[in-house]
Structures are given as structure tokens and as C-alpha cells.
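Let's take a walk through this protein model. Have the chain up on your screen and follow along helix by helix.

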Amino acid sequence: MMPLVEKLFILAIGAQVMLTLVILVLMGRERVPRVMSGEIRVADIAVERTAYPLKARLLSNSFDNQFQLPVLFFVAALLALHVGLVGWIEVVLAWLFVGLRILHAGIHVTTNRVHRRFAAYAAGLAVLAVLWLWLLIRILLAPSI
């Protein structure tokens, strides 16, 4: 039977994946109808996104951003699960990271206030760095993994 902390940890991973998928769906809802209606020509978007309206570009940028820091989160999470070092600290750090990613994405696709977005990004980066440092210390100090 899987311990509660591992389930909560896996839910944080799932929440990050869901955030990415939600942004992808919202981006598709902004882009596809414009292309299908002929409002935007395929040739105009084949290389860059500038032909899309601002909302579609913001969603696209936010979607791309989900493949930056979150990749390092996924690697840390899978490593923690693999070596069996998931405890409450890892759960709290994982959910804090995901919460900050949700905040970052929310700012990115609404007001896009760069200072606030950067603060959310930097806070997420700090949490991710603490997660990695904590995980590495636990792995190196573990008697046998």
C-alpha cells in the first residue's frame, strides 16, 4: 500500500501536468479557430507566432515555460520516488513549487505584469533549488539506497 505522503507527492506531479494541459487546451482554443476560419494564414505562423493575437501568444509563451523549470521538478520528483525518499518536506516543497507555477502561469496569461511574474518565477526557482538541495543531501547521507 502506498503511503499518504507518496500519494500527495504524486498528486503534485499530476497537478503540474494538468496545468500544462490546461494551458495547451486554452492555447488551442485561441489559435485553432483563427486558423480554421482563415483569419490567420498557416504560412504566417509556420515559423513564428507574431500573427496570433496577444492572448494566444501569452498562452503559447506560458505553455513553452512549462517545459523549463518544471522539467527539473519532474526529474527531482521521479528521483525522490525512485530512491524512496518522499517525506512531508518533499510534499510541501512540491506543492509550493506547483502553486507558484500556477501563480506564474496565471499572471502570464492575464495581466502579464512582468515584475509580479518574475517574482513568482524566482520564488518557484528558489523552492526548486531547495527541493534539489534537500534531496541531494538526503541521498548522500542515506545509509544505503
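This is a predicted model: local features need pLDDT of at least 70, side-chain atom pairs count only at pLDDT 80 or more; totals for chains, interfaces and linings use all residues.

Residues are numbered from 1 along each chain as its sequence is written, and side-chain values use heavy atoms, with hydrogens and water left out.

Start with the whole chain. It has 6 helices and 0 strands, where helices (H or I, at least four residues) and strands (E, at least two) are DSSP runs numbered from the N terminus. Read from the N terminus, the order of elements is α-α-α-α-α-α. The radius of gyration is 18 Å, well over the 15 Å that the globule rule gives for 145 residues, so the chain is more spread out than a compact globule. (That radius is taken over C-alpha atoms, and the globule rule is 2.2 Å times the number of residues to the power 0.38.) Along its principal axes, the C-alpha trace spans about 60 × 35 × 25 Å.

How much of the chain is buried? Of the 145 residues, 35% count as buried; buried means under 20% relative accessible area, exposed means over 50%, and partly exposed is in between, using a 1.4 Å probe and protein chains only. As for contacts (heavy atoms within 4.5 Å), take those between residues at least 6 apart in sequence: 77% of them join residues at least 24 apart.

Now for helix H5, residues 88-109, and its partner H1, residues 4-36. Their axes come within 9 Å and cross at roughly 15°, which makes H1 roughly parallel to H5. Axes here are lines fitted to C-alpha atoms, for helices over the stretch in contact, and angles run from 0 to 180 degrees between N-to-C directions. Angles under 35 degrees count as roughly parallel, over 145 as roughly antiparallel, 65 to 115 as roughly perpendicular, and the rest as oblique. The contact of H1 with H5 has 17 nonpolar, 1 polar and 2 charged residues. For those classes, Ala, Val, Leu, Ile, Met, Phe, Trp, Tyr, Cys and Pro count as nonpolar, Asp, Glu, Lys and Arg as charged, and the others, Gly among them, as polar. On the H1 side you'll find residues including Leu-8, Phe-9 and Leu-19, and on the H5 side residues including Trp-88, Trp-95 and Ile-102.

Next, look at H3 against H5. These two pack at an angle of about 160°, with their axes 8 Å apart, which makes H3 roughly antiparallel to H5. H3 passes H5 in a right-handed crossing; a crossing is right-handed if the near helix is turned clockwise from the far one by less than a right angle, and left-handed if anticlockwise. By class, this contact has 4 nonpolar, 5 polar and 2 charged residues. Among those taking part are Lys-55, Asn-61 and Ser-62 from H3, and Arg-101, His-104 and His-108 from H5.

One of the H3 residues is worth a click. Asn-65 lies in helix H3, residues 54-65. Is Asn-65 buried or exposed? Asn-65 is buried, with a relative accessible area of 9%. Leaving aside neighbours within four places in sequence, Asn-65 is in contact with Pro-70, Arg-101, His-104 and Tyr-121.

H4 also meets H5. Their axes come within 12 Å and cross at roughly 160°, which makes H4 roughly antiparallel to H5. The crossing is left-handed. Leu-69, Pro-70 and Phe-73 of H4 make the contact with Ala-94, Phe-97, Val-98 and Arg-101 of H5, a set that divides into 6 nonpolar, no polar and 1 charged.

Further along H4 (residues 69-83) sits Leu-81, which counts as partly exposed at 24% relative accessibility. Not counting residues up to four places away in sequence, Leu-81 touches Glu-6, Phe-9, Ile-10, Ile-13 and Val-86.

Finish at the loop between H5 and helix H6 (114-141), where you'll find Asn-112. Asn-112 has a positive phi of about 55° although it is not a glycine, and at 22% relative accessibility it counts as partly exposed.
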